[in-house]
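Hello,

Here is the structure you are taking over. Please open it first, then read the notes below.

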Amino acid sequence: MIAPSLLAADFARLGEEARIVGGEPGAGADWLHVDVMDAHFVPNLTLGLPVVEALLKATTTPLDCHLMIDDPDRWAIGYAEAGAYNVTVHAEAVADPISMAANLRAAGAKAGLSLKPGTALDDWVEALKHYDTLLVMTVEPGFGGQSFMADMMGKVRRARSLVDTGHLTVVVQVDGGINAETIEQAASAGADCFVAGSAVYSAQDPAAAVAALRAIAAAHRPATP
Ligand code: DX5
Ligand code: ZN
């Protein structure tokens, strides 16, 4: 799956930017990635629930809300209740990961857990049994346009193997620095879902960039065990 990140889009035209990458399932964006930053958990500030509510009316593509915020135990549920398809919180910020997942699911969303580059996967495997999505950050969260951290591929491979051996049932998602050059490494390591901001919205034709990324990822997908 390809999830274009609106962080790299024109914020004055978010509805249009969302629709530009839409399309039939399997052709356009599978999920639309929305980076919520609060200037506390990360230094940057982006957008919040009112903008997500407006986006939900502007596109039929499922919204994938990546909450880079403090105190997600208080705020995340609102995104699920509003109708976000997947709501991802950060392991480093969540107080009660198990209740978080249960509450998100009860509100009708998929539950996602994200790990910053310095956060070890093994400490979160038990909690991840309650989640639908694992977001492996391949940059430090906070800004678009950073370089892909290839040394995160060990974490992706380990996540893939936990899923393939039945220990987890998460979608393995990567976020940060994904482009036509780096997506191959993430795909070979076993990621299922690729977030791409700059690589999609800086392209002349964002929809074509989504299709090109999907084709490269598909070509490098590991054989299923
Ligand atoms: C970074 C965000 C990413 C960002 C990726 O904190 O979580 O989703 O949009 O942007 P690129 O693809 O430009 O690295
Ligand atoms: Zn993100």
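Which residue in β3 stands opposite Leu32? Leu63 does.

Before the rest, some ground rules. This is a predicted model, in which local features need pLDDT of at least 70 and side-chain atom pairs count only at pLDDT 80 or more, while totals for chains, interfaces and linings use all residues. Residues are numbered from 1 along each chain as its sequence is written, chains are lettered from A and ligands numbered from 1 in the order in which they are written, and side-chain values use heavy atoms, with hydrogens and water left out. Helices (H or I, at least four residues) and strands (E, at least two) are DSSP runs, numbered from the N terminus.

**The strands**

β2 and β3 run parallel and pair over 6 bridges; strands pair if DSSP finds at least two bridges between them. To get from β2 to β3, the chain passes through helix α2 (residues 49-58), and this β-α-β crossover is right-handed. That term means that, with the strands pointing away from the viewer, the path from the first strand over the helix to the second runs clockwise.

β3 also pairs with β4, in parallel, through 4 bridges. Here Asp64 stands opposite Asn86. The link from β3 to β4 is helix α3 (residues 72-82), in another right-handed β-α-β crossover.

β4 in turn pairs with strand β5 (residues 110-115), parallel again, over 5 bridges. Val87 has Ala111 of β5 as its bridge partner. Helix α4 (residues 97-106) carries the chain across from β4 to β5, and this crossover is right-handed too.

**What is covered**

Buried means under 20% relative accessible area, exposed over 50%, and partly exposed in between (1.4 Å probe, protein chains only). In β2, 6 of the 6 residues are buried, so the strand is largely enclosed by the rest of the structure. In a regular strand the side chains alternate between the two faces of the sheet. In β2, Leu32, Val34 and Val36 point one way, and His33, Asp35 and Met37 the other.

Strand β4 (residues 86-90) is mostly covered as well, with 5 of its 5 residues buried. Asn86, Thr88 and His90 point one way; Val87 and Val89 point the other.

In α3, the buried residues are Pro72, Ala76, Gly78, Tyr79 and Ala80. They pack against β2, α2, β3, β4 and α4. Gly83 follows α3 and has a positive phi, near 120°.

**The zinc site**

Which protein atoms hold the zinc ion (ligand 2)? Its protein donors are His33 (NE2), Asp35 (OD), His66 (ND1) and Asp175 (OD), at 2.1 to 2.3 Å. Donors are N, O and S atoms within 2.8 Å of the metal (3.2 Å for Na, K and Ca); water is not among the atoms, so sites may look incomplete. His66 in strand β3 (residues 63-68) and Asp175 in strand β7 (residues 171-175) link distant parts of the chain, 109 residues apart. His66 is buried at 0% relative accessible area, and Asp175 is buried at 8%.

**A loop residue**

Asp30 sits in the loop between α1 (14-20) and β2 (32-37). Beyond its neighbours within four places in sequence, Asp30 is in contact (heavy atoms within 4.5 Å) with Met1, Ile2, Thr61, Pro62 and Arg214.

Best wishes
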